[in-house]
Amino acid sequence: MSSEGERSEASDRAGSKATRENGRDGGDGDHVSAGDGKFGRYGGQYVPEALMPAIGELTDAYERYVLNNEGGFMDEFRRRIREFGGRPTPLQRADRLSERYDTEVYLKREDLLHGGAHKLNNALGQVLLAKYMGKERIIAETGAGQHGTATAMAAAHLDMPCEVYMGERDINRQRPNVFRMKINGSAVTPVTTGRGTLKEAISETMRDWATNVEDTHYVIGSVVGPHPFPRMVRDFQSLISEEAREQIVDRTGALPDSVVACAGGGSNTMGTFHNFIGDEAVDLFAVEAGGSSLAVDAEEGVAPNSASLSTGSEGVLHGARTKLLQDHDGQIVESHSVSSGLDYAGVGPELAHLVDEGRVTPVNVDDDAALEGFHRLSQEEGIIPALETAHAFGYLHEHHDELGDVTVINVSGRGDKDLDTAIEETTKRDIPNAPDMSMFEGGLR
Amino acid sequence: MSDDGASDRVAAAFADGPAFVPYLAVGDPDYESSLAYVEALAEGGADVIELGLPFSEPIAEGPTIQNAVVRALESGMTPTRFFEFVEEVDVDVPLVCMTYYNLIYQYGESEARSVSDASSAERSSANSRAAKPRDDGEERPASKGPRPFVEKAASVGISGFVVPDLPAEEAGPLREACDEFGLHLISIVAPTTDEERLDQLVEVSSGYLYVQARLGVTGASSSVSDRTGESLARLSDVDLPKAVGFGISSGEQAATIVEAGADGIIVGSALVDIVAEGHERDEPTEETAARLETKARELKQGAVDGYGRRTPAPEGTSD
């Protein structure tokens, strides 16, 4: 297959520095295996039998094309994410925040990736993979609309028909992204079951996949779902930390003391952490949405937060064993966050494992702190972040003295999609550092 | 429920001619009506009944059963209530529990985790979980797993399980618990299941095979897939009864499926539709139950007719 030299190249290409040991099939030395999809006690493949052959086919394609660069797949992916996506994204020193917190704050600017969020890394990777697999149709779920938008862009770029499932409530919260998907030629199908957010959208997309599995690829938007999705999505997203690690060392001559990323399903989180996992001295903080409270109301089946790493318990949802927000019976509870992209009752199995191992520290900030973070980054650095991303800055504000001398924060997305929500929520909550928003009452339109 | 060995009861249900296997979501639209509806199905000729224990994320279900699940959850159905239901329902056919893996997986945990007495444990544990501080990940519940659920199911007289989100790859622990308590694990065979997977699947299966007639989610449809015959032919060497489901809604369809070689028919959505209609119209429970019984008779008769139409003399695993 390939030489010893190419072996490390292939594994580096997939960004699997930290997980080489579990990525090997052990037998012949030059082939990288997709592994068994377990991360400690988490992961697995809990899906209907009808999907298992497709998942087997996908695992095979992931191993061949992504892990072993068959047909030059990874070369093409890297070329396209550079030319179409605009990689590498910069690492920027945040001058005012560094001064304010008396710590060196560096921003990994994924908000500058085409589409305005890290989501394109994965979407482009998977749509390209679907093409290599000979699939004819793309489906995806979306919460905030960033993954749907990225998938719609990638599908347009690679000339694939695409249908995106989105909760009705999220459609109302994220109208600009709905328009963007449609303009790119994708169909957007509202999901009306349940509370109409990401959880329901994922279930509905799985139903579509179970129906059209023979010619359709399901582009899962985060490091969740059955194997090989958690690992594959992480590999595509690990471009973030591959670049960030090199950039910070170039810039400061050393590794950072800490790396911070917001965490919903966990794709920007895993992408930002992946190449630092082997660097034991680097602290990794996953900032979850604390919502309005960390308590779970089991009687009502509601968790007014999305902090599954901080408060969840082990269970099985959407194809994987992971940490979940659930009641004592195992019914999944409704999560909440001011940012729809974090509003999910589960989390990627690898992240759950890294938390159990003590490698990743789960932390959270509430809706108000996230909104403050949103305004602070906008005012002090001229960067309007996504509300998801704003959680990381809420954490920076509250805990900057625990992050060491140098910290890297992933700016996972830009906030254009969130302006309506930011106006509404800011006015409603009386956020202390917000400008007067009264002229926008009733929204932007 | 009688407490005869589960294995024998399911085998017996398929022994004399084709089996009619209806499904209803337990607690849809409420506990009491649901009792009457399940009893009506038995009255109408059910040979095995699949009782749905509703899960909040039913990824394999179409809109009809999704809505039933919502109604059942809203009426307060829980695993604990479900087991009470199984003990109370007055039918003399084997009962199979159809649910998603997380409910099976979580069942023992609340008791194991509780610090107080067992009866109040379930409510309090959810709250203590939220308050539970987490730090080094050292605190891991060792007791999660399917065994307590299976043990409880066996004690109330359940004969087996259908778990749509549990492929053979992940079925080991549940299979083991089923073996321990003498229950069946019924696997779903999809149109996409290839030979290799089929072998793997048969390995962990017992009772009968749930043959999915077409791709997609559950739901009644006007036409029965051509792939059914194909699927049954592929399964002809498997020494388990084959019950076909997904989309069967009429006696004529039941006949066609059985004529094609099925040992049984599974009908869910067409029956749930009747429950939903009754609920929407605010119909008295007895009227809805009577309509269910009539539908059950039609489906059972269809299956019997289909059996009679087989040429030449039917034989195989059902005899």
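Two strands count as paired if DSSP finds at least two bridges between them. On that basis, in this predicted model, Val96(B) of one strand stands opposite Gly160(B) in β4(B). The strand that holds Val96(B) is β3, residues 95–98 of chain B. Four bridges join β3(B) to β4, residues 158–162, and the two run parallel. Another four bridges join β3(B) to β2, residues 49–52 of chain B, again in parallel. There, Glu50(B) stands opposite Val96(B).

Now the faces of β3(B). In a regular strand the side chains alternate between the two faces of the sheet. Here Leu95(B) and Cys97(B) lie on one side, Val96(B) and Met98(B) on the other, and all four are buried.

Next, helix α10 of chain B, residues 195–204. Which of its residues are buried? They are Arg197(B), Leu198(B), Leu201(B) and Val204(B). The face turned away carries Glu195(B), Glu196(B), Asp199(B) and Glu203(B), which are exposed. The cover over the buried residues includes α3 of chain A, as well as α9 and α11 of chain B.

That brings us to the interface. Chain B contributes 47 residues to the contact and chain A 49. About 4100 Å² is buried between them, with carbon and sulfur atoms giving 48%. There are three salt bridges between the chains; one of them joins the side chains of Glu57(B) and Lys199(A), at 2.6 Å, N to O. On the chain B side, α3, α5, α7 and α10 each supply at least two residues. The largest share, seven residues, comes from α7(B).

How values were computed. Residues are numbered from 1 along each chain as its sequence is written. Chains are lettered from A and ligands numbered from 1 in the order in which they are written. This is a predicted model: local features need pLDDT of at least 70, side-chain atom pairs count only at pLDDT 80 or more; totals for chains, interfaces and linings use all residues. Side-chain values use heavy atoms; hydrogens and water are left out. Buried means under 20% relative accessible area, exposed over 50%, partly exposed in between (1.4 Å probe, protein chains only). Contact means heavy atoms within 4.5 Å. Buried area is the accessible area (1.4 Å probe) that two parts lose on being put together, summed over both. A salt bridge is a side-chain nitrogen of Lys or Arg within 4 Å of a carboxyl oxygen of Asp or Glu.
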